[in-house]
There are 2 protein chains.
Amino acid sequence: MLNFTFHNPTRIHFGNGQIQAIAKEIPEDAKVLVLYGGGSIKSNGVYDQVIAALGDRAVFEFSGIEPNPSYDTLVKSLPIIRDNKVDYLLAVGGGSVVDGTKFIAGAALFEGDDPWDIIAKQQRIKQALPIGVVLTLPATGSESNIGAVVTRNGNKLPFSSALVRPKFAVLDPAVTLTLSDRQVGNGVVDAFVHTMEQYLTYNVNGKLQDRFAEGILQTLIEEGPKALAAKTKEDLDIRANIMWSATMALNGLIGSGVPQDWATHMIGHELTGSHNIDHARTLSIVLPAVMKVRREAKREKLLQYAERVWQVTDGSDEEKIDRAISLTEDFFEKMGVPTRLSHVDLNASHLDELITKLTEHGMVKLGEKRDITPKISREILETAL
Amino acid sequence: MLNFTFHNPTRIHFGNGQIQAIAKEIPEDAKVLVLYGGGSIKSNGVYDQVIAALGDRAVFEFSGIEPNPSYDTLVKSLPIIRDNKVDYLLAVGGGSVVDGTKFIAGAALFEGDDPWDIIAKQQRIKQALPIGVVLTLPATGSESNIGAVVTRNGNKLPFSSALVRPKFAVLDPAVTLTLSDRQVGNGVVDAFVHTMEQYLTYNVNGKLQDRFAEGILQTLIEEGPKALAAKTKEDLDIRANIMWSATMALNGLIGSGVPQDWATHMIGHELTGSHNIDHARTLSIVLPAVMKVRREAKREKLLQYAERVWQVTDGSDEEKIDRAISLTEDFFEKMGVPTRLSHVDLNASHLDELITKLTEHGMVKLGEKRDITPKISREILETAL
């Protein structure tokens, strides 16, 4: 096992009716900016619950944060914060709203010349507004971690700071009942691939981390399809299991003390940046190709994955690995996401630009051993055609 | 799944050489009281590492905190704290030292008449000195939770407060290499039973909590005996897996959103209070009897435990449950702990007093359904004879 420091102070309020916990979490004299996306929270009742819980506090609003939140949108919130002396941000939405809010939290108090430097130059922020979250889409884990991804001019880039970790997050599975099948499928696959990025590497004998990761993968495999099936899609326990799994998939726990990959994400970000493909759908396309191209480097973990997560115990090692990869693709397809570039109308003619962008963004040594060069990234994309 | 709030802000520094992290964690102008037990930290090098990491800080010492820390011992630290204006407590030891330090942290700033009221009258503390931990014995999980148990005049009683949760904990598996076999065995069994108290109840469809609990149990079953075997007892990865499992077994995570039992602990506390039996050894005696007496109430989970933790898949349901209970007893015996009251020289003549004490301590409705009356507790003890 590798050395690590683990620290996750976000307070999680989980379950039906927990939105009212906001009232205890946010100071009564706070000036609160409520941030959200396209307005679905107004039709599904979440907005009303949030406003009721905020009571007499001074409340301002900033809406229109889009999937893969854009810098240009986010900075429009800064004058509202400044003019109204906003001192608490409440993100109500999925990972994009939370990520966007994290950037705003740092940008609002940024002392440098240009808040884009937080991302482009990875300038460290020294302070940030406090953030609370009401999560409406289980997927990214952003509600209790320190990372965020922001897009500008087709460049989708990450930043992280412990200062933007949410103080609290409300996870009410009931609010996920109104999600579309596409959102549910994307969310489950996103959480699944987050787990794989921290699990499918090489063995360092981190037995508990492995078992926790396998537990998340198995839960998503079991519960994900049920959340799409007509007969069970209203079942709150299924939604709860998915929601808790998505949070645990990327809150720092399963990645503590083990190597991490993230090549699938970095390559996937280029597909979103250049072709506007849903984040999770880039992952479902890239991960199977990573499993194939990195088969040797990941052999021991691929076998463990086959045996423990999919109960594939018959056949040769090669057959077990083949079967695990194909079961992974089947699972993704069951969740309604693509597993090939051709499924999203991309072909070999698009690869040059993707690899150029990846290189421009400095993603030239990817993977748990930092040995995935642009040449190997190209091979991965070719395998995904 | 049940509603829950999960919050665990303790920062964990895990791995070889992490004791030096103390230097970053404790303010440079702090007046630090280092608390420890019988002095083994002086012979195994831990004390020297701690003192080196504390550097120029004002350091005071309080030693002699015994297993099942006694009130009478603990209060002797209070004048040292007061006279020297100590403002940070650093517990260096196992669960007893940490529990004792938690009581001291609250007692030092207690505004009531008598600090024993914190326990006897469960008076809420309003403030506490900050606590750091250097853990030397993985077992209780006290290093990142809010609970503690203190003994006075044969009464072993719990209290808890979020104010006494350690700010940080250093978990260096290397320091556990000098533990005795008895300490290792006790620690593994303690962590195992903590997990069972939160797992072996009734099914609420908390799929991830179940899988995490099963992951801890399987890791302890795999790694525990290796930490006692001559060939592998120096293996740091094995020690690391045990140490991380013990922390995760009682940091609030696997108990979030599921019912909890704790009857084994409450009955076990009377065995320690009246007969001075090691805490873990009371658990290994009581748990198998609880599994037998509560077989019907716990049937569904007993079957899941048999199948998932022990891979018992053949035979009737009754046979699977029998086999799981007997495998649990075998595992405890492999760890060198007793599984019957007769193994610690107790017999039927001792039961009256134990049940009287249990009743006096208010433990009259135990278990996940609060339906274990003193009569059923007696049946459990009779089964354990």
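The contact between the two chains draws 32 residues from chain B and 32 from chain A, with two residues counted as in contact if their C-beta atoms, placed from the backbone, lie within 7 Å. This is a predicted model, in which local features need pLDDT of at least 70, side-chain atom pairs count only at pLDDT 80 or more, and totals for chains, interfaces and linings use all residues. Residues are numbered from 1 along each chain as its sequence is written, while chains are lettered from A and ligands numbered from 1 in the order in which they are written.

**The interface**

- On the side of chain B that touches chain A, strand 1 (4–14), helix 9 (207–228) and helix 10 (236–249) of chain B each put in at least two residues; helices (H or I, at least four residues) and strands (E, at least two) are DSSP runs, numbered from the N terminus.
- Helix 9 of chain B gives the largest share of that side, ten residues.
- That side of chain B splits into twelve nonpolar, 14 polar and six charged residues; here Ala, Val, Leu, Ile, Met, Phe, Trp, Tyr, Cys and Pro count as nonpolar, Asp, Glu, Lys and Arg as charged, and the others, Gly among them, as polar.
- Strand 1 (residues 4–14) of chain A pairs with strand 1 of chain B in the antiparallel sense, over seven bridges; pairing takes at least two DSSP bridges between the strands.
- F14(A) has F4(B) as its bridge partner in strand 1 of chain B.

- The same surface serves both copies, as 100% of the contact residues of chain B recur in chain A.

**Chain A**

- Chain A holds 16 helices and eight strands.
- Its C-alpha atoms fill a box of roughly 65 × 50 × 45 Å along the principal axes.
- Buried residues (20 or more other C-beta atoms within 10 Å of their own, C-beta atoms being placed from the backbone) make up 54% of the 385 residues in chain A.
- Of the contacts in chain A with a separation of 6 or more, 78% join residues 24 or more positions apart.

Key
A residue is buried if 20 or more other C-beta atoms lie within 10 Å of its own, exposed if 12 or fewer, and partly exposed in between; C-beta atoms are placed from the backbone.
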